[in-house]
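Have the model open as you read.

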Amino acid sequence: MSAPGGGRSRALGARWRRRRPLRTRLAVAASAAVALVAICVCTASFFVLRYKLYQQLDQNLAQSATLAAQQHRSEEQGYGVLAGECRFLGAPACAQVVPAASADDPKKPYLLPVDRSTRQVAAGELASYYSNFTLPNGKPGRMLTTAHGKGAAVQVALRADIAERGVRQTAAILSVVGGAGVLLSALGGYWVSRTGLAPVARLTATAERIASTRDARHRIELPPGPPDGRGEDEVTRLAKAFNTMLGELEDSVAARRRLVADASHELRTPLTSLRTNAELLARADRLTAEQRDRASTALGRQLREVTGMVNDLIELARDEEPQPLLEEVRLAPLVEHVVNAAREHWPAIVFTCDVTPGAAALTLPGVPSRLSRLVTNLLDNAAKFSPAGAAVEVSLTTIGLTVRDHGPGIAPEDLPHVFDRFYRAERARALPGSGLGLAMARQIARAHGAELTAEHAPGGGALFRLTWPA
């Protein structure tokens, strides 16, 4: 069960992170990481240097203890002080021999402190050890107590001023170095956050500017780099992707405006005719029966044209096909049915339909009504540009469907735009239609995974090729 104080501190930390910008949080995180490393390195260095200083002092004590033991054995002295010059800095080590039993102590007092641990080392009950103590003159000292023969211990001591001073100096130097490291880490964290997030800041400013001005022409400045994009960091790639998205957004906005402008232009003429015929029929008492019939027929035809155009606009404005339940559509009967309907609608045009043996049983997952609309639009377009008595050739194979007419064909400057909404070539402006049929045909084709293309037919005319998905 967590403590209430811990949950409250975590909540305060989360609230602080939410209220601070990303640049501040990144600077604090980078600074904290570098500062932590600097502090850990300085702390580790301090303990290593302290250990080395005392290790050197302990080695001197071990050598002095060996020398004192050898002298005591050769001179066969009793217990007590062997040398006592360690009160001076740089003097030889103090040395004394202590028996295991206090009853064997000499009358002359010891120079170095003797306690229960010293007696245990002399008796062989305790291992040798190092200890710190204070000399009679108040100076720091370090002492080694080690066994000497049977029932005795040797104690040697040296002044520890140099080691103590080295430890203090090391601590002071490493504190300064650690503080400088923390300061540099703070500056480095600020610099990293400022330079590293500069593209993100520009991206944010650009997005805010677009949101306020609704102008998608703005772009983020990219740093100079190789044309192939190698060596770019993630932020640069993000900025480049954002610029690409802005380009797509600008094209989408331009297409929407063009669609609205073209739709208003195309609807203006039939709406004007509708209003004229409606006003004319409102004064039916002044018209002859023939005039009323002609106006009523024109009004009905114009209503159908406007209704069809509006429906086409609604479907194209979605820029995607609805997703009803798909079914396996047999293409050969569907194409033959659409061709028969086109023969009735265009009696002056000769339609031929060729289905290869392999395509007779061909099926495609899709929506029958939409596929019929696609083929119908292609046939209507071919018939519209064909002279009376000309042939429109329809061929269904296992790889696709082709529709070829023998009309004037497509001019090279018009070929890239035949599938654009409301696009009509110069020679087609006098013909009926709204310029939406081919755009809708391509949208239906792509919704079914197929691709619709237009090209010049050999010998003249236009050839539309619908390729099935593999």
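Which residues line the largest cavity? They are L331, L334, V335, L371, V375, L401, L466 and W468. Helix 8 (331-345) and helix 9 are the elements that give two or more residues to this lining. The table gathers the figures for the space.

| Feature | Value |
|---|---|
| Cavities of 30 Å³ or more | one |
| Space in the largest cavity | about 40 Å³ |
| Lining by class | eight nonpolar, no polar, no charged residues |

A cavity here is a set of points on a 1 Å grid over the protein atoms alone where a 1.4 Å probe fits but cannot get out, and lining residues have an atom within 4 Å of a point. The volume is the space filled by probe spheres set on the points, which are joined across faces, edges and corners. Ala, Val, Leu, Ile, Met, Phe, Trp, Tyr, Cys and Pro count as nonpolar, Asp, Glu, Lys and Arg as charged, and the others, Gly among them, as polar.

The model is predicted: local features need pLDDT of at least 70, side-chain atom pairs count only at pLDDT 80 or more, and totals for chains, interfaces and linings use all residues. Residues are numbered from 1 along each chain as its sequence is written, and side-chain values use heavy atoms, leaving out hydrogens and water.

Now look at N381 in helix 9 (residues 368-384); helices are DSSP runs of H or I, at least four residues, numbered from the N terminus. N381 is buried, at 14% relative accessible area, where buried means under 20% (1.4 Å probe, protein chains only). Leaving aside residues up to four places away in sequence, N381 touches L438 and F464, a contact being heavy atoms within 4.5 Å.

L438 is itself buried in helix 10 (residues 437-447), as are A439, M440, A441, Q443, I444 and A445. Just after helix 10, G449 takes a positive phi of about 80°.

How values were computed
Buried means under 20% relative accessible area, exposed over 50%, partly exposed in between (1.4 Å probe, protein chains only). On a 1 Å grid over the protein atoms alone, a cavity is a set of points where a 1.4 Å probe fits but cannot get out, and a pocket is an open set with protein on both sides within 12 Å along at least five of seven lines; lining residues have an atom within 4 Å of a point.
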